[in-house]
Every structure is written in C-alpha cells, then in structure tokens.
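Thanks for coming, everyone. Please have the structure open on your screens while I talk.

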Protein chains: 2
Amino acid sequence: MLYEINEKALKLESQGKKIIKLNIGDPDLATPTEIIEAAYDAMKRGKTKYSSAYGEKSLREKLSNVHNVYADNVIITLGAKWGVFSTMYLLLKDGGNVVIPSPYWTAYGLIAKNLGAEIKLVKTELDSNWKIDLETLESLIDRDTRMIILNNPRNPTSSIIDEKVLDGIVRIANDKGITILSDEVYADISFVKTKRILEYGGDHILVTGFSKTFTMTGWRIGYVIANTGLVEKLAKLNQITLTNVPVFIQEAALKALELQSELTGEIKREYYERAKLACDILSKTSLKFSRPSAPFYIFPKCRGLDSEKFALSLLDDGVAVAPGTSFGDYREHFRISLTAPRNDLKKALNKICEATLE
Amino acid sequence: MLYEINEKALKLESQGKKIIKLNIGDPDLATPTEIIEAAYDAMKRGKTKYSSAYGEKSLREKLSNVHNVYADNVIITLGAKWGVFSTMYLLLKDGGNVVIPSPYWTAYGLIAKNLGAEIKLVKTELDSNWKIDLETLESLIDRDTRMIILNNPRNPTSSIIDEKVLDGIVRIANDKGITILSDEVYADISFVKTKRILEYGGDHILVTGFSKTFTMTGWRIGYVIANTGLVEKLAKLNQITLTNVPVFIQEAALKALELQSELTGEIKREYYERAKLACDILSKTSLKFSRPSAPFYIFPKCRGLDSEKFALSLLDDGVAVAPGTSFGDYREHFRISLTAPRNDLKKALNKICEATLE
C-alpha cells in the first residue's frame, strides 16, 4: 500500500492540496549545490552519451578505495533499488526462497513476489528492541534458500543490527553457503557506527547508494559490490535494460564522494535533531517506539490501530505516513519519515498525536 | 557480440587509443544546449526527488497531445530500451514465444533469451530489399506467441517497413489477437514518412524515446504508449526497479518536445548528408547495401566475410563496427553507424573499404 499512498499524495498535491509527506524516504533537503554544478559541468562537457554498463572507471575506482576492494568488484546501478532488484532477479530467477528479517523494506517483498520467489520472514518485535533471533533465522533456511537480505541500519525501524547478532547471521550464512545481500543505504549517515558486511569477507553482497547519504534520491544512482562473476552478470543485465546510469549523474556522484565529509556531517546533524524533536513529541503520547539509531524513520506502535485506515484518513488531513502493513505483519504500527522541515514536522507530528488519540 | 565490442572499444580508448566508433547508435552530435539548460534549471528548482512511477504529469500530457491519446496511456521509461525490456518482461514472463523480423536490434534477442522466451525470426534479405514476407510471418504464429516486435524504421538496415506490408502485419496480428510492440525510435527523424502503429488503433504498443530524435542517448529517457492496464503494470514494475526517471531529465525532455521542429530539422539534415557521403564512398566498392531511408545505419554485405573476425581486426585499426551476427544470421554483413563527424566518417569508411578488399 506504500506506493498507492504515494501516488495518491502526489495526486492530491497536483490538485493544489498541501500534503506534509512523511510517507516515503525522500528528504526535503536539497541536493548540495556542488553536486548539481558537477552534473551541469559534465553535461556541458558532453557526458551525455552511452557508456559502460559497469559504470565509469573513475567512479568505480573511487568506490573501490572507499570500500577497500578491487574496482572490478564495483558496479554502478540505477539507485540501490535497481541493485537490489537486479541481484534478486539473478539469484531468484529460477525460484527458491529468500530469508528476510521483518519489518522489512517494502520493495524486498514486492520484488520477491514479482519474481515468484517465496519470502521467509524472521519476525522481530518492538518489545525486544527488534532483535533478530538467530535460531529462528537458521531454522528457516532450507535447500531452496537462495539468499538472506539484511538492511542495516534497518528501515522502517531505524535500528541497527547488534554486532554479535550480525556475527551470528554471517556465521550461519557461511556455514550453509548462503549469500547475504546487505542493503546499507543508511549506514553512511547512521548516528552510531554500524558493522559493514564487507568487513566479514566471504562471498556476500553490498548494495548501497547515494540517495540518502547525499540527498540525491531522485538522481537514481547506487552501486553493488560483489564477486566479479556476479558483477559481470549484473553488467549484462544492465546492457539489456538500462544501458548505463547517465554519465553526468555518475560525475555528480564522484563529486559527492570527494566532498563527503563536509556534506554528510551537516545532513546527519539535521536528521539527528529531527529524530530528537520527534521523540520528544511522541513520548508525550501513549505511542510506543524505539529511538532511531540512524536516519530517518520512526515506527511507532499504537495498540488496536488499523494503520491502513489510519494512513488513508490522515492523508485527508494533509499528512502522509506509511501503514505498518507495508513492512510485514505490523498492522498496529505506522512509519513516519522525518523528511520535512522541522516546522512542518512539528505540525504533522501533532496531527498524528491527535489522530491516534481519537 | 555487439556489447563486447563496445566494452573493448571503451577499454582501448581509456588506454589512449583513438577509436572511430561506428559500432553503436550513439551520435557524436551534442545534446542541444537548450535541453541541457532545462535540466540544470530543473535541478536548481529542486526537481531532484522521487516522483511518480508513471512519469511527470506535464510530460505525459504533452506526449498525449503529440500522439493523440489519453495521458493515462503514456508512461515514461528509462530509455526506449527499458520500455522494450519491461513490456517483454510482463508479456513473456510465463514463457511463450515472440515473432521478430530479422535482421533485428540485438537487445530484442538478448532480452527474450534472458526471459527464457523463444524467438521466431522472419528472415528478410538485402536482395528483396528487406521485405517482410507475410505468409512466413503468419506461419510462425502459434498458440504460444505472445507478441510481434517491429522496429520501424528498422535497425540495422535503416529501411522502412512498406506500408502495405505493415497493413498486412497488423491485420494478421488483429485476426490472431496478438499484440504488436512497435519500436519507433528512428521514426521522428526518418528521411521519409513512416506509418505509425498508433494510426491503426487496436491494442498495440508504441515504444520510443528521446535518444535518437534529440541526441539524448545517455540521458536514458523514453516512453511507452499502451492500454491503461499495461501502463499500470509497467508503473508497478517501475516502482520496484527504478522508481522513476529523474524529474530534471523529464523536464529536459519536455523542453526538447517544445523545440522539436527547430532541433530535429538540423539533426535530420546532418544524418542525411552523412548517409549520402557513406553511400558515395561504399558504392565505389563491391559491397552491396540498401540506401538508408532513415538515420543512422548502413548494413553492407561482403561476400564470404566473417564479420566477427572482421570487426575485431578492424578495431585494432581504430574503427569499431558491429558484426552482422549481432542482428541475426547475417555473418556476411556488418553495421556501420553514421555517428561520427564527416571527416572521421570518411577516414573510417576508407579503412573499411580497404579492409574488405583484402
């Protein structure tokens, strides 16, 4: 229902209604000027042609330095989402199942369903601080399991997978010869340090992107780091689907990486303040929630709530949130994206508090 | 082998070698300045966010006027290639076969193969001026046929499907309830008028893009016009793969359409001159070919040639062309893209003439 709500919110907006959109992970912050100028400069230099399906050499090399891998292990994708889709497409094409901790990012489920793959959920709960139970996870793996998908930091809870738990998951995966796809799009702006999948070695896959780290959501650029065999297959898939990410966008991303420390410090600070503000407001209600360890979601629980009806009715009040059912079996939860200026956020949070009181 | 040659050409270039690249349909012409400025302007206005998986309303409406359909029938795709892939993905997901006149654009075959669909080719020959035989086409259609793919004007021959033949294909398709996907990326800059699939009504699909018409290849933007049911399915697929084409690119495309008559006149003239130049040079050899009716390929035949070996050895001489085997069973043919400035083109064509004499 996540995408339906978004299309409805866009429609209402196009009719002139003011909607505070806290339903998707699309920040209100502007893409930094330096990144825009780099794209413009590249366009003027003629970087508007077809290019390699692997991505530009300069960007792959830069990323290989950042992640301490070979450039041949890096492939540029059309956003992290295409990284996830194309990897799942290759690994789940012939069926099988995928193990995913829930609540989980909507797209994993929709992609698996679209590919005809079975989804096996490791349900986690607010009450146990979203802890992933290793025994449950291990018990779900069978001979048809093709991959485990992790999202760390996690969407929609903005929680971090505990390092020991992550160690355990990797151990299980390695023992059973299962590939982990680790989606780490929030890791570079996390409030606390997270352990990264590449630190473990082994034949696992990192998927991430520039969208969240640099407020480049609508630019559609991300990357996958994997073994060269998979990178080659992904490039072949790019060749028959997208050709390549526009080169001027790749040059903008390269500029973003060069300025990473100065650009992301500011972005992270703003999200931290918003998370604090939201926690302050929500903690005065009976809503239960865990404090975000990373940008930029809160996933409160309201006893007895039907979050789908709630989200639809809240939309008529000018606030868009995502129902918990979009992330698994979480009807009493809803997801707030802290992706509006603080003033709007305050207004929206107050409306949410009122609405959950009713 | 088309994409392998391209990656090899890019590699040679990155090693500092000068390669005249006539192997892919990527013009040397620059994207018109007005289009670049429109993109830059949109970026600065914050058009850098997620947006509708259907595409921007303004662009869909403009295109609906151009093609005399409803805006709901239009969906913006990541280049025409994604339009082709995603439509084939939806129609051929559960197997079946697809009927395609050959020689055909490489990607159709690779996509079908990737999806596990069978390809049934209606072979056409230079000697009969690439005429599609209706009886052969009809005889290939069976209960598992899911679609017919046409490309008009055709790649790699730059020939136009004769209007009476097209009438016949549509009649057969309608009689048998088969959908035609008509890829018309070269139609707006064709040297002669071509009949368009939408003129027939019926439940057929137009796929096209901005790449060739406006020299926007590397921007990755195209569109599909189809019934609303298919448009909705394509949007759902966009949601789990690409999200949306960057809005600033969609605004650039809108500007392109606004300036279409002035921009494309010039582009078309240049290709016409190049085609003339190439025909003049090649007609002095024993190569056989048909004169292009549209930009921007020539597909000569050289008796006894192994075009794969030929293309690889020519690459070492600094000229990249595509072997005929990339377009079907055409080992004696090769494809020249007229996508270099006239001086380079002349040099390359002379090298090609020399090489085919050997």
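Start at A39(A). Leaving aside its neighbours within four places in sequence, A39(A) is in contact with F248(A), I249(A), E251(A), A252(A) and M43(B). Contact here has a cut-off: the C-beta atoms of the two residues, placed from the backbone, lie within 7 Å.

Some ground rules. This is a predicted model: local features need pLDDT of at least 70, side-chain atom pairs count only at pLDDT 80 or more, and totals for chains, interfaces and linings use all residues. Residues are numbered from 1 along each chain as its sequence is written, while chains are lettered from A and ligands numbered from 1 in the order in which they are written.

Which residues touch the most other members of the largest nonpolar core? They are A39(A), V321(A), A39(B) and V321(B), and that core has 231 residues. A nonpolar core is a set of buried Ala, Val, Leu, Ile, Met, Phe, Trp, Tyr and Cys residues joined through C-beta atoms within 7 Å. Buried means that 20 or more other C-beta atoms lie within 10 Å of the residue's own; exposed means 12 or fewer, and partly exposed is in between, with C-beta atoms placed from the backbone.

**Chain A as a whole**

Chain A has twelve helices and twelve strands. These are DSSP runs, numbered from the N terminus: helices are H or I with at least four residues, strands are E with at least two. Buried residues make up 56% of the chain. Now take contacts in chain A between residues at least 6 apart in sequence: 72% of them join residues at least 24 apart.

**One helix**

Look at helix α12 of chain A, residues 342-357. At 1.5 Å a residue, its 16 residues should span 22 Å, and its end C-alpha atoms are 22 Å apart, which agrees. The expected span is 1.5 Å times one less than the number of residues.

Which residues of α12(A) are buried? L345(A), A348(A), L349(A) and I352(A). They cover an arc of only 105° around the axis, which puts them on the same side of α12(A). The arc is that of the directions from the helix axis to the C-beta atoms. An α-helix has 3.6 residues a turn, so residues three or four places apart point the same way. On the other side of α12(A), N343(A), N350(A), E354(A) and L357(A) are exposed. The buried residues pack against several elements of chain A, including α10 (260-282) and β12 (334-337).

**Two copies**

A rotation of 180°, with 0.0 Å of shift along its axis, superposes chain A on chain B, RMSD 0.0 Å. The two copies are thus related as by a two-fold rotation axis. The superposition is by least squares on the C-alpha atoms of residues with pLDDT of at least 70 in both. Of the residues of chain A, Y40(A) comes closest to that axis, at 3.0 Å (C-alpha).

Most residues other than glycine have a negative phi, and most peptide bonds are trans. N155(A) and P156(A) are joined by a cis peptide bond, with omega about 15°. In chain B, S158(B) is not a glycine, yet has a positive phi of about 55°. S158(B) is buried, with 27 other C-beta atoms within 10 Å.
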